[in-house]
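User: I am new to this structure and would like to learn how to read its features one at a time. Could you take me through them slowly?

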Amino acid sequence: MSADTREVAGGERGTPPIEAVPVRHPGRWVGAAIVAVFVAMAVHSLLTNPNWGWSLISNWIFSPPILKGVGVTILLTILAMVIGLVLGVVLAIMRLSPNPVLSSAAWVFVWAFRGTPVYVQLFLWANIIALYTTLSLGVPFGPELLTFQTKTLIPAFVAALLGLGLNEAAYMSEIVRAGILSVDEGQDEAATALGMGRMQTLRHIVLPQAMRVIVPPTGNETISMLKTTSLVIAIPLTTELFFQASAVGNRLFQPFPMAVMASIWYLGLTSILMVGQYYIERHYAKGAMRQLPPTPIEKMRRRLRIGGGDK
Amino acid sequence: MTEKPIKVLAENVHKAFGRNEVLRGIDMEIRVGEVACIVGPSGGGKSTFLRCINHLEKIDAGRLSVDGELIGYKQRGGKLYEMHDKEVAEQRRSIGMVFQRFNLFPHMTAAENVMSGPVVVRKDNKKQARERALDLLGQVGLGDRGDSYPMQLSGGQQQRVAIARALAMDPDLMLFDEPTSALDPELVGEVLDVMRRLAATGMTMVVVTHEMGFAREVGDVLAFIDQGVVAEIGEPREILAQPKSKRFQDFLGKVL
């Protein structure tokens, strides 16, 4: 606070800075007091109520089954998002294509996968075996050359990936489409006038600018995906974090502390994702702002430097 | 003058947006090395005509050719065939365009903007393209701003980068769509200077403009487009001094 005023005042040498009594905000003090009381109550309960089971949590939080569950959850999140992102971009481009077959196919995909619950979709993928017990390659109506059992071709993990990834693609395609539409038409014209084709314009001119609009909701989707992975019990895929935590909880007759423990893991992971998102957004802000916003580390350094020079 | 070959030839060009007929039979010929200025009231069709020359707009009727080659169409055995997107893109390479609102790519530096055409379209070597870009930026007086983003440049500087970007494709025809209309008055001069120097190198230019001074001084031809037709055309000084039609007289009365 004092650093800002000093910087401004320092510009005009000889002019004394304004010394005025700051406005008082009694309402803020009252609000802060009320919040402080609630926070104190919550902290008190967290520390003194033995049912939270903190010692149990600290014993189990880094145990092998839980760590393995964290690994599976992270892997599912990453792979499902990659499928969603790649397929989402393809669907968005199809949707904006002048070819009516491509654009309606993309529309139908989004309609179907966005319009049904992901939990149900996971169940359906796991039970695709009910539709086709075997998949075979061969001459139609003739001899079969290769035959697969669907059970071995689509194990639980693949079913989970298909369910989560395809559902995500439907949402991502709408996000990407919004991003593409947000880019000024003049950009397209300028690229076209230079002799760029439709795909060149999209790749070099439109998509990089669309990223500014695409990244924040994609971060949102990734965080959402991390939590949605707990639904793969519909398949059932049992190696992910929440199922593992519940299994341990049921075995110990202590389900509650284990659910809290899983929440701590989810919170930790989403926090890491938020940091990543901040830096990706900063990267794509190039050219859209006169000056890039400082990173948290730069901010801290600047504060320290100004504070240090004072004394 | 007349022995110079024809660069742009428009014959009875029509264009409508839905029911709104914007061009109703434009006839014009522009010869190699000429600077043709187009003036007229807004909504009269001058920008639309310019955009037809590089096929940003498709014409509905008539013929429009550059260097004797139809734009956007092929003629074989008395029949017209629409060109494939790739072939149109090929035609556009040798036609540079500068827009009213600059349309620089905001996520690229000035140098990257100028390089973008050669690198993406012509697959030029990046290092050489960059050297060329810096050289072109130097020619428009921005040799030291290669690493600035468009947002960090003034309007006049942005428009000069846009001119350099168009020149990077080595065009032999330059289209200017009201290049100074979005600029603060004190920045108009620097852009006109660059255009004046470009005209002196013998570049064929078609300029939609409101700058009568520029038209009089640099233009070889001045066309007055109103209500979708060329209402008056001729040597700029002559027709500005003695406008024949009432509409042109009224228009000049408003802008001069």
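User: How many residues of chain A are in contact with residues of chain B?

Analyst: This is a predicted model, in which local features need pLDDT of at least 70 and side-chain atom pairs count only at pLDDT 80 or more, while totals for chains, interfaces and linings use all residues. Residues are numbered from 1 along each chain as its sequence is written, chains are lettered from A and ligands numbered from 1 in the order in which they are written, and side-chain values use heavy atoms, with hydrogens and water left out. Contact means heavy atoms within 4.5 Å, and by that rule 21 residues of chain A are in contact with 25 residues of chain B.

User: What is the area buried between chain A and chain B?

Analyst: The size of an interface is often given as the accessible area lost when the parts come together. Buried area is taken with a 1.4 Å probe and summed over both parts; between chain A and chain B it is about 2,000 Å², of which carbon and sulfur atoms give 62%.

User: Which helices of chain A each supply at least two residues of the side that touches chain B?

Analyst: Helices are DSSP runs of H or I with at least four residues, numbered from the N terminus. Helix 9 (185-193) and helix 10 (198-228) of chain A each supply at least two residues of that side, and helix 9 gives the most, with seven residues.

User: Where is B:Ser116 placed, and is B:Ser116 buried or exposed?

Analyst: B:Ser116 lies in helix 3 (residues 110-121) of chain B. Buried means under 20% relative accessible area, exposed over 50%, and partly exposed in between, with a 1.4 Å probe and protein chains only; B:Ser116 counts as buried because its relative accessibility is 4%. Not counting residues up to four places away in sequence, B:Ser116 touches several residues, among them A:Leu194 and A:Met196 of chain A, and B:Phe105 and B:Arg165 of chain B.

User: How many disulfides does the structure hold?

Analyst: A disulfide is a pair of cysteine sulfur atoms within 2.5 Å, and the structure holds zero of them over all chains. B:Cys37, for one, is in no disulfide, and the nearest cysteine sulfur, that of B:Cys52, is 19 Å away. B:Cys37 counts as buried, at 1% relative accessibility, and B:Cys52 counts as buried at 1% as well.

Terms used:
Buried area is the accessible area (1.4 Å probe) that two parts lose on being put together, summed over both.
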